[in-house]
Amino acid sequence: MFSIEHEFDATVVTLVDEGAEPLQEDVVINAFSECITVEQFDARTGRVQKITLSIGQMRDLAAALDLPEGVYARVAPG
């Protein structure tokens with residue numbers, strides 16, 4: 001299950017793990033105009049872990065999900 005919320009400065013997507021246990025904590029993705037952040041609560045440390053991806057890194061990740069094993073480079077339009 002997931003939810004999508006449009007806030008003033010970001011789009012927030014929350015991914016909720018469902019199904020058989022063990023379940024993972026919710027993943028919260030904040031899409032800003034300049035970057036994407038991915039957050040998840042870490043029960044071992046009691047803290048939220050956060051990574052930040054540039055928009056280019058996010059595009060690479062989206063493309064990588066549909067490609068076979070290998071090394072790739074995106075070519076800029078033009």
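The structure shown is a predicted model.

**Exercise 1.** Locate Val16, classify its accessibility and identify its contacts beyond neighbours within four places in sequence.

Solution. Step one: Val16 belongs to the loop between β2 and β3. Step two: its relative accessible area is 27%. Buried requires under 20% and exposed over 50%, so Val16 counts as partly exposed. Step three: with neighbours within four places in sequence set aside, Val16 is in contact with Met1 and Asp26. Step four: Ser3 is 13 residues from Val16 in sequence, and their C-alpha atoms are 8.4 Å apart in space.

**Exercise 2.** Determine whether Asp42 is buried or exposed, and state which residues it contacts beyond neighbours within four places in sequence.

Solution. Step one: strand β4, residues 35–42, contains Asp42. Step two: the relative accessibility of Asp42 is 12%. Because buried means under 20%, Asp42 is classed as buried. Step three: apart from neighbours within four places in sequence, Asp42 is in contact with Arg47 and Gln49.

**Exercise 3.** Which residues make the nonpolar surface patch?

Solution. Step one: Phe2, Ile4 and Leu15 make this patch, with an area of about 300 Å². Step two: one of these residues, Ile4, is found in strand β1, which covers residues 2–6.

Conventions
Residues are numbered from 1 along each chain as its sequence is written. This is a predicted model: local features need pLDDT of at least 70, side-chain atom pairs count only at pLDDT 80 or more; totals for chains, interfaces and linings use all residues. Side-chain values use heavy atoms; hydrogens and water are left out. Helices (H or I, at least four residues) and strands (E, at least two) are DSSP runs, numbered from the N terminus. Buried means under 20% relative accessible area, exposed over 50%, partly exposed in between (1.4 Å probe, protein chains only). Contact means heavy atoms within 4.5 Å. Patches are made of residues with over 30% relative accessible area and no salt bridge: like charges are joined within 9 Å, nonpolar side chains (Val, Leu, Ile, Met, Phe, Trp, Tyr) within 5 Å. Accessible areas come from the Shrake-Rupley method with a 1.4 Å probe; for residues, only the protein chains shown count as cover. A salt bridge is a side-chain nitrogen of Lys or Arg within 4 Å of a carboxyl oxygen of Asp or Glu.
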